[in-house]
Structures are given as structure tokens and as C-alpha cells.
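Try each task before reading its solution.

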Amino acid sequence: MATSDGFPASFYGEPGVLGMLSNGISAFLVLLQNFNTAHTGNAPAGVENILAGVHLILIGGICQLVAGLLSFRKYDHLSGTAFIGYAALWGSYGATRIYFGALDQTPTTASMPHKMMDCLFLSTDVMSNMSSNATTEIPACRLYLSLKESAIAGLVPYILLSFLLAFCSATVNYIMPFVFGAITATLVFEAVGLVASSWALVVSGVLELLILIFAIYGSAALLVKGLTQRLVLKGFGTPLFNVLLLGTANSASAQSIGQEKKKNTKYAEPMALGFFCDTVASFIFAFYGFGYIKSFGLGAAWVSIITLAQLFSSYYAHLRQDCYHTTKFGLHATYWLIKAWDEFVGSALFVGGSAMVSGRGSMVGNWFFVMAALVLCVGSLNTDVLELIHNMLFVLLTVSTIPQIPLHEYYIFFGVACSLFTAASLYGTFTRLINTIAEKSLIPVGPQPVSTDRLKKALNCCRAKHGDQETLPQTDQASDALFYLLNGVAALSALHGSVSSTNQSFLHLTVPWVLISGAIIQAYVSRLQVTGGGRFGSVISSIYVAVWATWTWFRFAGNLLQLSTEASYAFTAGAIALLVINVFVMLIAAYRNLVLLFLTAVMEVVLVCFLLSTLKRLPYELEMAMLALFSTICIYGALASLMNFIFSQRLLPMGPPLIKQGGKQESAPELPCPVANSRLTSGLLKIAGLLEEGGVCGIPTDTVYALAASCKNPQAIEKIYNIKDRPAEKPICICISNVEQLVAAKPPFSPLLWEFMRNVYPGGISCIVSKGDWLFKLVGVGPAYDRVGTRDSIMIRVPDHTVTGHLCNITGPLAITSANPSGEPDSTHHSMVINRLGHKIQGVLCDGDSNEVVASTVVNCLKIDE
């Protein structure tokens, strides 16, 4: 159960070395330019800026991104969030340098600098009178407007977030606070240097030198630690202050400070990173909404990069089987990316004033985002008040960007909504970071808004009998809700394409809405579904990526590119191919549920409309009706998928599969071993009896399923090695119900070790401690002294699981290890234990899905005082 080989962090090196060095080298690149500018009085220009930007993206962006991804796999919440966040920062700053360099190299702007400035001061009245056939110089110059303002708008949220990261890292060690603190101060003077004299660049350069020095020392300390497996250089392992102190003001008792959170020990929690990205994106849009940024050229680059980081937060939520955050962060990333490129088209490319207003007024895709935001609100009723408030502000944000609002009021409303959303996201970043570091709810996030039972009743989905509740089929995946939402956005965004086909502004503006949601982000969902365990993988989502990409190319970009008749016939052939393929997709959907089958059937009619459009015989009313129906099905499918996966039960009906797998209608075969229901006292007593008789049984824990044997029967522990084909040199740990049992045995533990164990237990932690005669005093362990642990150490588990605790109280301490053949993945459902090991063990205590997907975290406490 709690073996060292089951702790995934051991498979990865120390990514902090790469992360901090990337920060230091990136800061060094910038300080060289800053000192040169201050010394010569000439700012870098042209190729110099472009090369600097490319290096910042490669070193500070990509290298640090790798460090962040590895940190998430090492269960390092802080480093994962910080490194991916700073990867987005340096990548965005690199894009800014490239923009400045391209501006200097643009022939139009180089030869006509005054024309560039004239574009800056064009009034909205003049712009509204320009036609879409204006000369190309105006779009070219507008592409480079507001570069400094956009860069400042991007740097300010990173200043706030860097300060939070510096504060939070002080609870972990005392090197990272100096690195992150220096970055915070550097960003302040970098922002000042964009509008002030060269003195700010000098100060920024000095601070960047400090970043480099701190980063080199921190990297050296981590590198030596990894090589020697001990702390040679100071700075890591000792925080500036205990994170638990942050919770003492909230309550006097440890219980009210916060219960231990459910932990997935394989991947760090990505919620802080998701809030981090929301903070940056909404802050940039707030600057734009209030008119500080005149053109969204560079802003689109900053938002696109931070959106990529938010997709990684969604990805790691998916790996943790967290459907809610997978959907939330994926939807937010889609929204920010669409809005960024929508504003890029509308402002930087300047599609025309009055024509743009009429084109924007014809768009209805944002209404789907409003409905999707309401779906997230329903999902957050099962989390905490902070999530609910954040989702309600996202509803306000989506309402503020409804294109039917008059343009002037639109941007004021949008700016206010973004400001409120920024504040909530900033607080969410801080709370999620501190609470995940402490593994307790130290910073208040509020209680669960609605109890689980009340929420089920409100959804009118409780079963008549407790035992009749339908468990979620294995074909359902954590990414299903996001799949429905993306298709709904694409369909509703394409709704008025036929009616507004003559409006060039509408065609420009609609391209990012359909292409990003239907093709780009849905390709990401396809990647999730490849590893999601569904029966048909990513077949449906991958095919629909092709559908929406083809739709965008022909229906929107096709008119702009003025495709020839021969090219239209090529799309006719493609439409026929998609029609045939979608028939097979409908067959796959028939194996899943009725909702998906209806969705694919409506898509077949939509594809017929697409085919007719290539032949210029499209019935517009039919297409509009089908796209609207398609979006409606998507909303219900998203809500049902989200709620069903959150509760791991089929609460909202999706309909049965029309085609069921054959060969399973016969009577169920006899089980290879006795099974018992964990919800019944008789079931618990049945397994306890089997353990007392010397049997080995599969039991649930707070992480994954385990094989258990009573320490009163040493021969049963020997059986575990044969059952699992486990190497004899790998020790087995013991499981007890509470820490007080250890206190009674009076082990010679240091005060620091006792404090640590009281903080982490009960929970998904296995502590390796010194073995000694005290173990004989632990009631029930004496006979198994030589068969658990090693000669000098023993691993102890106190699971945060009611059933396991009651079982230990009945039988005494248990010897446990993960319920899987040695070297194979952990068992996360009682059926997996029965199928894999049922013919070798004496019983299984059935408790449904496990809380986590991997075994507990092993912590070596032998040298905790050092």
C-alpha cells in the first residue's frame, strides 16, 4: 500500500534546479540589455530585440515550463504553480521583445513614423467612417499600437502574483522567497522603465543580478541535495515561518483550522495555477476595457501564452480525475483565448467601424458561455463558497461581453467585470496555494454551499433505494463535460453564418469563435480522452475537430479568400466523407448513451446542411434550427456529465445505450472470493473474521485499495508476498486507526516527529520511523515484529478512512500493501481487486471507487531532526 515504489515522485529528479536556473538566466539576458541601454542611451532595436525575445521564450519559457510540469508530477504545489506561471511571464516578455524588434524592422513604420503616430490619435468617429476597403497601411500600423501599455498591463498582475508566491514560498524554505521577491521588485522597475527614464532600468538590472545570484545558489543547493541525499547547503528544508501559523487566528482548535484534505499523491493540485492564469488574463482585459490599451495586438500574445498555462492546470486536474476543475479551467482558457483573438481582429486588424458593429451584433456565441458559466455554478455548489463566488463573477463576465450591448457601454461593463474577477482570482490563488501547501484549509474559503444530499434532491435525482443508485459507467470520462461545452460554443457561434455571409466583419470575427472552440481546444480534449480510459477513446472528439476546422475554412475564411468553384467542389467531396464518417460516430454513440446519440444524429443533419452550402443550395432556416438544437443538447450533456462525474453516480439521466455489449446477458459467474459491503456492519464483521482467522483480504483506504493481514497472524503476512509476487526485500507497513495507539506504546520519538505526525494523520502519508522494542507494546503487533518493516525501521499508516479505521479497531493493527500484482498499477475499485487477485485472497471489502488513483506518500522521518 505504502511502498516506496508506489510513490511517483521517486521517478523524477529535482526540477527546481532547472526552474531557478531558467529564471536566473532569463533575468541575466534582460539585465544585459538594461545596462547597455542605460550606458549608451540607445534602446535595443531590430534583430537584437528579436533574438533576445527568442532566447527568453526558449530559456525562461520552455525550459521553465518543463520544470513546472515535473514539479506537478513530484507533488510540489508551489514549484509547479510558480515555474509554469513564470514560464508564461518570460514567454510573454519574450513576445514583447519580438514585437518591439519587428516594429523596428517593419518597412512601413520605418519609412513613415509619423503615420504610425497619426494612427494612435485617430478618433472613433473617423474610424467608424472608414470602409473595410481602406488602405493596408492602417491595419499594419494598428498592429503595433499600445505596445508599452500592453506590456505594463501584463507586468502588473505578475507583480502581484510574484509577491504572493514569495510570501507562500516563505512557508517552505528561505531561498525561493528571495528569488521570487527579487523578481517582484524587478517587474516593478521593468514596468516603470517602459515609461520613465533610464534610472529605472539600472535599478531593474541590479535586481536582475540578485535574481541570478539567488538562483545560482538555490540551484546549487538543490543539486547537491539531490546528489548527496542530504542538506549540505542551507536554504531548503527550513521555512522562514510555519504555514500553520496562518490559521491560528481563524480558530483556537486544530479541528476548526481545517480538516486534512483528500490528497492525490501522484500529482500536485493545479487549482492555484488555474486562479493564477485567470488573474493575469482578466487584469489585461480590464486595462483594455477601460481604454488604457488602444489596440490588442500584443495583448493577444500575452493572453494566449497564459491560456496555454491554464490548459496545463486543466490537464493536471484531469490526471487527478477532477472533472470539475478540468471543465472549469478548460472553459476559462477557451473563453480568454477566443476573446483575445476576437479583440485582436476587431482592434489590431481593424475590420471597419460601422461594419464591425453590425457584424458583432449578429454574433450569438457568447450566449453559450453564459449558459456554460451557469453550469459551473451548479457544479460549484458541491465545493466551497469561494468557488461559487468565482463562478458567479464569471457569469457576470460572460454577460458583460454579450455583443448585443452597445459598444461604449460594452467595454465599460467588461472592464468592471474583469476588475471584480481579477480580485476574486487573486484571492483564490493565495488561498489555494497556502491550503495546498499546508494540506489544511487554513485560509477561509467558506463551507460547502449546499449539502450533497440537498443538492441531489434539488436535482431530483435521488434513487428510491440507497442500494439501487446507478454507478457511473467506465465509459464516462472526466473530460466529457468539456467536450460538450466546446461543441456547443462552436455550434452557436456558427449560427448566423449563413444570414451574415455578406458582412465581412462578421466573417472576420467569427473565425476565432468556431476555430478555437471547435478545433484548437477540442484537439486538447481529444488528447485527454486518449488516456481517459473510455472504450472508444478520442474518436468522436477528433472527428469533430476536423468538422469544425473544415466548417471554418469554407464557411467563414472561404468567402474572405474567394475560393474558386473547383475548390468548392473539393469541399463537397470532403462533406460527403464527413457524412459517412459521422454514421460510424453515431454507431459509437449508440454504445454510450442517448444524449450522445442525439448529438451525433443532429450533427449528421448539420453536415447535410454543410454539403448543401458547398453546392449553394443551403436552406438557411434548417441549418439555424439544427445548430440551435445541437447547442441545447450540448448544454444538457455538459451539466449531466459534470454532475454525474462529481458524484460518481448516474444522477441526471443520459439515457441507456441502444447497443449493449453482447455476451454479458448470461447469469453472472460466481465470484472467486467472498465479498462484503463496506456500508453494512455485517460486511465489516465478516472481513474482520476472515482476517482474525489468518486470511488476506482486500480493503479500501483513503488512497487506493490494499491487501491486509492481521499482525496477530504472521503467516498471513507471508501469504501477501506470494499473492503479489512481491520481492522479499520490500518491507510491508502497518496500519493503525489513530495516533493515540502510538502514544500508548511510548516510542522514543522526538517532539518534532510527534508534531509532524499529529499534523499529517489521519491522511495519505506513510511515515518511516525507527523500529524498536516499543513495537511490542503496540497491542497486536508483537507476533509480526520480524515480518513488518526492515530490521531498523517500520512504516506506519493512519488512513483518513472511516471503514479502515473501524476495521483496525476490531482486528488490531494490520499489515497492508497495495492490492495489485507487484509492478502493476494500483487498484482503484473493488472489482479490480476481485479480478486481479480474487482467486488468491480470502475476501474483499467492497467500497466502490477509491478516493485517489495512486498509493500513499512515503515520508522518511528517520532524520527529521536533522
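**Exercise 1: a helix and its cover**

Among the elements that cover the buried residues of α30 are α26 (681-692), β2 (697-699), β3 (706-710), β4 (733-735), β7 (814-818) and β8 (843-846). The model is predicted.

Task: find which residues of helix α30 are buried.

Solution. 
- Step 1. Locate α30 at residues 802-811.
- Step 2. Pick out its buried residues: V803, T804, G805, L807, C808 and T811.
- Step 3. Look just after the helix. There G812 has a positive phi of about 90°.

**Exercise 2: one threonine**

Task: decide whether T307 is buried or exposed, and say why.

Solution. 
- Step 1. Apply the cut-off: buried means under 20% relative accessible area.
- Step 2. T307 has 2% relative accessibility, so T307 counts as buried.
- Step 3. List its contacts. Leaving out residues up to four places away in sequence, T307 touches A333, W336 and L337.
- Step 4. Check the side chain. It reaches the backbone oxygen of V303 at 2.7 Å.

**Exercise 3: charged pairs**

Task: work out which parts of the chain the salt bridge of E692 ties together.

Solution. 
- Step 1. The partner of E692 is K712, with the closest N and O atoms 3.7 Å apart.
- Step 2. E692 lies in helix α26 and K712 in the loop between β3 and α27 (714-724), so the pair joins parts 20 residues apart in sequence.
- Step 3. E692 is partly exposed at 34%, and K712 is partly exposed at 40%.

Technical notes. Residues numbered from 1 in each chain as written. Predicted model: local features only at pLDDT ≥ 70, side-chain atom pairs only at ≥ 80, totals over all residues. Heavy atoms only, no water. Buried < 20%, exposed > 50% of the residue type's maximum accessible area, 1.4 Å probe, protein only. Helix = DSSP H or I, 4+ residues; strand = E, 2+ residues; numbered from the N terminus. Contact = heavy atoms within 4.5 Å. Polar contact = N/O pair within 3.5 Å; in protein donor to acceptor, adjacent residues only side chain to side chain. Salt bridge = Lys/Arg side-chain N within 4 Å of Asp/Glu carboxyl O.
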